[in-house]
Amino acid sequence: MEAALEEFGARGFEAARMEDIAKRAGLSKAAIYLYFQSKVALLEALIEAKVGPLAQTAQMIASAGSADPLNALRTLATAAAFRLNDPALLAVPRLVIGISGRFPEIATYYREHVVEKARGALEALIEGAMAKGQIRRADKNAIVRAFIGPLFFEAMWTHVLGGETALHDPQKLIKQQFDVLLSGLELRA
């Protein structure tokens with residue numbers, strides 16, 4: 001799978017060939033096809049291996065954090081920020097975003113196997129925090145976007161656009177994000 005990711009990164013998904021992936025991995029083309037029926041199947045396996053664990057971590061934190069959902073949200077955000085500091089983590093999402101228009105089935109696979117799992121975990125924690133009176137009632141979809149958006153932007157800003165990063169201090173980044181998310185920006189009397 002590492003060889004596939006390198007080949008997809010070097011040549012692009014469409015131009016990458018299974019025989020080149022096999023060569024990079026030190027295998028025969030037939031050996032690759034024993035495990036993966038197609039490039040799409042190989043990319044799906046990469047999604048599961050590289051990004052799927054983030055969704056699984058979100059689900060575990062949500063399950064374990066039901067007693068204090070707001071703290072669990074902070075834990076989840078901090079864990080994500082630490083992971084997003086690794087530029088290799090963004091390789092698969094970047095690839096999926098880049099080809100999603102031409103391969104909508106891959107975008108659907110990514111959404112169903114990663115995004116919806118992580119989003120469900122966030123929604124459960126947000127619902128729990130509202131039920132416990134830790135945060136006010138609001139549209140949970142808007143809260144999810146406000147939660148994910150800054151982290152996604154920071155990762156893209158840092159690893160794709162080459163901007164200065166706040167990911168070098170994930171705890172400070174999350175403290176600032178939660179301050180804005182929970183306190184807002186509007187002055188109140």
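## Arg 17 and its partner

At 42% relative accessibility, Arg 17 counts as partly exposed, a class that covers the range between buried (under 20% relative accessible area) and exposed (over 50%), judged with a 1.4 Å probe on protein chains only. The side chain of Arg 17 meets that of Asp 20 in a salt bridge with an N to O distance of 3.0 Å, where a salt bridge is a side-chain nitrogen of Lys or Arg within 4 Å of a carboxyl oxygen of Asp or Glu. Asp 20 itself is buried, with a relative accessible area of 15%, and Asp 20 also forms a salt bridge with Arg 11, the closest N and O atoms being 3.9 Å apart.

## Basis of the model

The model is a predicted one, in which local features need pLDDT of at least 70 and side-chain atom pairs count only at pLDDT 80 or more, while totals for chains, interfaces and linings use all residues. Residues are numbered from 1 along each chain as its sequence is written, and side-chain values use heavy atoms, with hydrogens and water left out.

## Overall architecture

The chain holds nine helices and zero strands, the elements being DSSP runs numbered from the N terminus, with helices (H or I) of at least four residues and strands (E) of at least two. Read from the N terminus, the order of elements is α-α-α-α-α-α-α-α-α. Taken along the principal axes, the C-alpha atoms fill a box of roughly 65 × 35 × 25 Å.

Of the 189 residues in the chain, 38% are buried. Among contacts (heavy atoms within 4.5 Å) between residues at least 6 apart in sequence, 64% join residues at least 24 apart. The chain exposes about 10600 Å², of which carbon and sulfur atoms supply 56%; these areas come from the Shrake-Rupley method with a 1.4 Å probe, and for residues only the protein chains shown count as cover.

## Charges and salt bridges

The mean positions of the 22 positive and 21 negative charges are 1 Å apart. In this count Lys and Arg are positive and Asp and Glu negative, with His and the chain ends not counted, and each charge is placed at NZ of Lys, CZ of Arg, CG of Asp or CD of Glu.

A search of the whole structure finds 13 salt bridges. One of the pairs is Glu 127 with Arg 137, whose closest N and O atoms are 3.8 Å apart. Glu 127 lies in helix α7 (residues 104-131) and Arg 137 in the loop between α7 and α8 (140-159), so this pair ties together parts that are ten residues apart in sequence. Glu 127 counts as partly exposed at 31% relative accessibility, whereas Arg 137 is exposed, with a relative accessible area of 54%. Elsewhere, salt bridges that share partners join Glu 6, Glu 7, Arg 11, Arg 17, Glu 19, Asp 20, Arg 24 and Lys 29 into one network.

## Glu 7 in helix α1

Glu 7, a member of that network, is placed in helix α1 (residues 2-11) and counts as buried at 2% relative accessibility. The side chains of Glu 7 and Arg 11 are joined by a polar contact of 2.3 Å; such a contact is a pair of N or O atoms within 3.5 Å, of which, within protein, one must be able to donate a hydrogen and the other to accept it, and residues adjacent in sequence count only if both atoms are side-chain atoms. Leaving aside neighbours within four places in sequence, Glu 7 is in contact with Gly 12, Ala 16, Asp 20, Ile 21 and Arg 24.

## Lys 39 in helix α4

Lys 39 belongs to helix α4 (residues 39-64). Lys 39 is buried yet has no salt bridge, and the nearest side chain of opposite charge, that of Glu 14, is 7.8 Å away. The backbone oxygen of Glu 14, however, lies 3.0 Å from a polar atom of the Lys 39 side chain. Beyond neighbours within four places in sequence, the contacts of Lys 39 include Phe 8, Phe 13 and Met 18.

Pro 69, in helix α5 (residues 69-84), counts as buried at 1% relative accessibility. Pro 69 and Glu 127 are 58 residues apart in sequence and 8.5 Å apart in space, C-alpha to C-alpha. Not counting residues up to four places away in sequence, Pro 69 touches Leu 125, Gly 128, Ala 129, Lys 132 and Gln 134.

Ala 25 is in helix α2 (residues 18-25) and counts as partly exposed at 38% relative accessibility. The C-alpha atoms of Ala 25 and Ser 183, which are 158 residues apart along the chain, are separated by 50 Å.
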